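Hello,

Here is the structure for you to look over. My notes on the cores and the sheet follow below it.

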Amino acid sequence: MSISKLPTEIHGFDLIACGGLPEGRVTLVAGSSGSAKTVFGAQFLAAGIMKRDEPGVFVTFEETPEDLRRNFGGLGWDIPSWEAQGRWAFVDVSPDPGEQPVFAGGYDLGALMARVQYAVKKVGAKRLVLDAIGAFFGQFPDQHTVRSELFRMTRALRSLGVTSLITAERGEEYGSVSRYGVEEFVSDNVIILRNVLDEEVRRRTLEILKFRGTDHLKGEWPFTIVPERGIVAIPLAALELKQKSSDVRISSGNADIDRMCGGGFFRDSIVLVSGATGTGKTLLSTEFIAGGARSGERSLLFAFEESREQLFRNAAGWGADFATLEAQGLLKVLCTYPESTTLEDTLILIKETVEEFQPDRIAVDSLSALERVAPVKSFREFVIGLTSAIKDKEVPALFTATTDSLLGGSSITEAHISTITDSIILLRYVELFGEIRRGMTVLKMRGSWHEKVIREFTIDGSGLHLGHPFRNVSGILSGMLSHAGSSPSNRIDDLFQDDPPPPPAH
């Protein structure tokens, strides 16, 4: 017989749990200090009340109900109102101030379980949380007693007919699951929450260690805590490649680039523009937005390196009036420093803004700024989550990335995102006989013919202008230039020649 699951309604978690928690069973939630164990338990109850009209009971062994009401209020949960409605009940087992611990080997759980049973019946609870169980078992003299009493408790909880969560502390992020080393063995299910310090950045993850008799996704999954929402998990493994594909072309905002790309970008494409600082990446994103505005399309710009005033000034210098577009409702600009938050929070902010603004185009300038504030694994997960969210909306997006070398080479960002982008445009500096010039090539264009040459381009007050392709020059992309030709005059004559026309359309 299959085990039914109770949806927790915790954002993203039920996808990881393949439907929710096994119904009627006991789940241990173990984690270090600051890993959000109490928030997880409280949200399990709050989400049940708000989304499924299922009352709950919260048994607290450490914090007082007064403190919990105040803390949960910051997450938008009106606990006093739910208590008044008979939908939430506290069972307070927290120690009194100044109370000394009593070590009693023969402690009787009957009184505690009687209080819990009364609260469950009083509100008709479907969900039950026992928070900070370690504070309770600290009064027992040895591990054997702890295991025996915990086994009795879990058996009593199952008899109540509720789905229960027990939270417990653990001493380290990777090691024994719980403080006493026995909690995980008497629980039906075990969830581990972590708050790891990785490269000077705190990163919260959750892992389902075991679900007896039922399936779940394996591994660690990032999550964050959002005001007014609580825990939001990011189940990247649950993403599916079900996005539709479009053969409709849109303009890049520059007619010359459209020709290089075989007629423009596809409507659902993700475009990566990679180049050294100053090569024109922000200009391409500006033209991308301006091109959409000319067609009446709404654009959303996320900027992580330049301020709003600087972006608007630069756009005006290239003939794009961002202030007017914003006033007309055709543009929304969000500027923030990556260091001010985590990548998980940034991803959620982007997804929420996309849902709210419903743009026709999205530009992110630049991904490299986000990469510098996160570990490699976090950044890779962020990129996957971002591209999947945008693909689901079937809107075109343009990302920029900065290369480490001024004259060429690939960037770490480029390596992480290149395989999941539809098009890649490379911008490079080219040093020719003592003069610095700029070159552009379309490295990749899925499902379409595109030019294979590297063209020179210039930038002036009206934007970007493509010129002739470089000839008899190799090593531009790597930054290791070499020239062909017998004499300087021949080399100069051969540098710029028209490339052959594109093949005829079939």
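Contact here means heavy atoms within 4.5 Å. The model is predicted, so to speak of local features takes pLDDT of at least 70 and side-chain atom pairs count only at pLDDT 80 or more, while totals for chains, interfaces and linings use all residues. Residues are numbered from 1 along each chain as its sequence is written, and side-chain values use heavy atoms, with hydrogens and water left out.

Leaving aside neighbours within four places in sequence, Trp-88 is in contact with residues including Ala-42, Leu-45, Phe-58, Phe-72, Trp-82 and Val-123. Trp-88 is also one of the residues that touch the most other members of the largest nonpolar core, which has 35 residues. Such a core is a set of buried (under 20% relative accessible area, 1.4 Å probe, protein chains only) Ala, Val, Leu, Ile, Met, Phe, Trp, Tyr and Cys residues joined through side-chain atoms within 4.5 Å. Helix α2 (residues 37-52) gives the most to this core, seven residues. A second, separate core has 34 residues, among them Phe-265 and Leu-466.

Now the sheet. Nine strands form an open, mixed sheet in the order β16-β15-β17-β18-β14-β19-β20-β21-β22. Helices (H or I, at least four residues) and strands (E, at least two) are DSSP runs, numbered from the N terminus; two strands pair if DSSP finds at least two bridges between them. β16 (331-335) and β22 (463-469) are the edges: each has a single partner strand, so one side of each lacks a neighbour in the sheet. β21 (residues 455-460) and β22 run antiparallel, joined by five bridges, and Arg-455 stands opposite Pro-469 in β22.

Regards

Definitions and conventions. Buried < 20%, exposed > 50% of the residue type's maximum accessible area, 1.4 Å probe, protein only.
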